[in-house]
Amino acid sequence: FAFGVLPYIIVMACISAILWYWGVLPFIVNVISKACQKLFNIGGPVGLGAAANIFVGQVEAPLLIRPYVSKLSKKELLILMTAGMATVAGSVMVALITILESSFGDENLIQHFITASVLSVPAAIMYANIMIPSSEVTNFDGNSVPKVYDSSMDAITRGTRDGLDICLNVGAILIAFIALVSLFNSLLGILGGWIGISDLSLQLILGYIFFPIVWLMGVPLSETLASAELLGLKTALNEFVAYGALANLETGVLSDRSKLITLYALCGFANFSSVGILVSGISAMAPERKNDLIKVSVKALIGATLASCMTGLVIGIF
């Protein structure tokens, strides 16, 4: 995994930085941002920050609107966090595709991941609006898409450095969390033996919590628990562990349709570690808003999870 998957993150982070400097990504992001502003009556900064999550990371997107973070209302902070956790950055998509390609065969996985992230942005804004109804709008003072890099070489070097940071963080978190879950499941296995439940695990517990949501997404009842366990695994750990488990499922556990619905529902950074990453990352840009970020963080996690599930529902309909 370290040498076959993680290097893709570095390469894609570098390519994304170059495309941002050349104006390709800012153009696409600005179009999506304008659409979100019109549809949901949100301001330019939060619209840009939300839309940028489709291509850049959940901490990198707020950096694009750094001067405005301190001015955002609680609802706008919630939108920023929810959109960040409901999407998957372009630099991570290729790594996830590498994990899944053996299981999904000829499926156009890059198309599915981009579609899932695009659909999740309006869904995230919608859930944030439901959780904190407000008409407060923060708008730009000048240009809508700020300059990030000074030259192509600056984009290459900084993009590579950012990709390496993401790569090391993902690798370290995976090592720690997989070990902790393995230890926790061993303890649950002992407890399960005492109470007569041989397969008791964290995945099983979270699977029953997510069971009704996954069933409402359109997964058949006989396959719901298997899909729900994966969604629970992603929430407790992260999407890399969940997609790895999806790729290693035994043949016949999930139908092709259910696997695709699950793929969309898992597409996002909505997990407990991301809450900490977002709170610490955004509060570093605006320390005075740290308490507000903490207050909306749980709502952001719930909203992002539901937004990802809504993309699963939409793809199940089609």
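User: Thanks! What makes up the lining of the largest pocket, by class?

Analyst: A quick note before the answer: this is a predicted model, in which local features need pLDDT of at least 70 and side-chain atom pairs count only at pLDDT 80 or more, while totals for chains, interfaces and linings use all residues. Residues are numbered from 1 along each chain as its sequence is written, and side-chain values use heavy atoms, leaving out hydrogens and water. Now the lining: it has 20 nonpolar, 10 polar and seven charged residues. Here Ala, Val, Leu, Ile, Met, Phe, Trp, Tyr, Cys and Pro count as nonpolar, Asp, Glu, Lys and Arg as charged, and the others, Gly among them, as polar.

User: What makes a space a pocket rather than a cavity?

Analyst: On a 1 Å grid over the protein atoms alone, a cavity is a set of points where a 1.4 Å probe fits but cannot get out, whereas a pocket is an open set with protein on both sides within 12 Å along at least five of seven lines. Lining residues have an atom within 4 Å of a point. The largest pocket has 37 of them, and Gly57, Gln58, Val59, Glu60 and Ile166 lie nearest its centre. Its space is about 910 Å³, where volume means the space filled by probe spheres set on points joined across faces, edges and corners.

User: Which helix gives the largest share of that lining?

Analyst: Helix 9 does, with nine residues. Helices are DSSP runs (H or I, at least four residues), numbered from the N terminus. Helix 9 spans 152-195, and among the others that supply at least two lining residues are helix 1 (6-21) and helix 7 (90-104).

User: Why is cysteine 14 called buried?

Analyst: Buried means under 20% relative accessible area, exposed over 50%, and partly exposed in between (1.4 Å probe, protein chains only). Cysteine 14 has 14% relative accessibility, so it counts as buried. Cysteine 267, at 0%, is therefore buried too.

User: What makes a group of residues a nonpolar core?

Analyst: Its members are buried Ala, Val, Leu, Ile, Met, Phe, Trp, Tyr and Cys residues joined through side-chain atoms within 4.5 Å. The largest such core has 52 residues, and those touching the most other members include Val29, Ile65 and Met85. Helix 6 gives the largest share of this core, eight residues. A second, separate core has 51 residues, including Val5 and Leu254.

User: Why does methionine 217 count as buried, and what does it touch?

Analyst: Its relative accessible area is 4%, so methionine 217 is buried. Methionine 217 lies in helix 10 (residues 202-217). Contact means heavy atoms within 4.5 Å; leaving aside residues up to four places away in sequence, methionine 217 touches Ile261, Ala265, Cys309, Gly312 and Leu313.

User: Is aspartate 292 buried or exposed?

Analyst: Aspartate 292, in helix 15, has a relative accessible area of 16%, so it is buried. Its contacts, not counting residues up to four places away in sequence, are Lys74 and Leu77.
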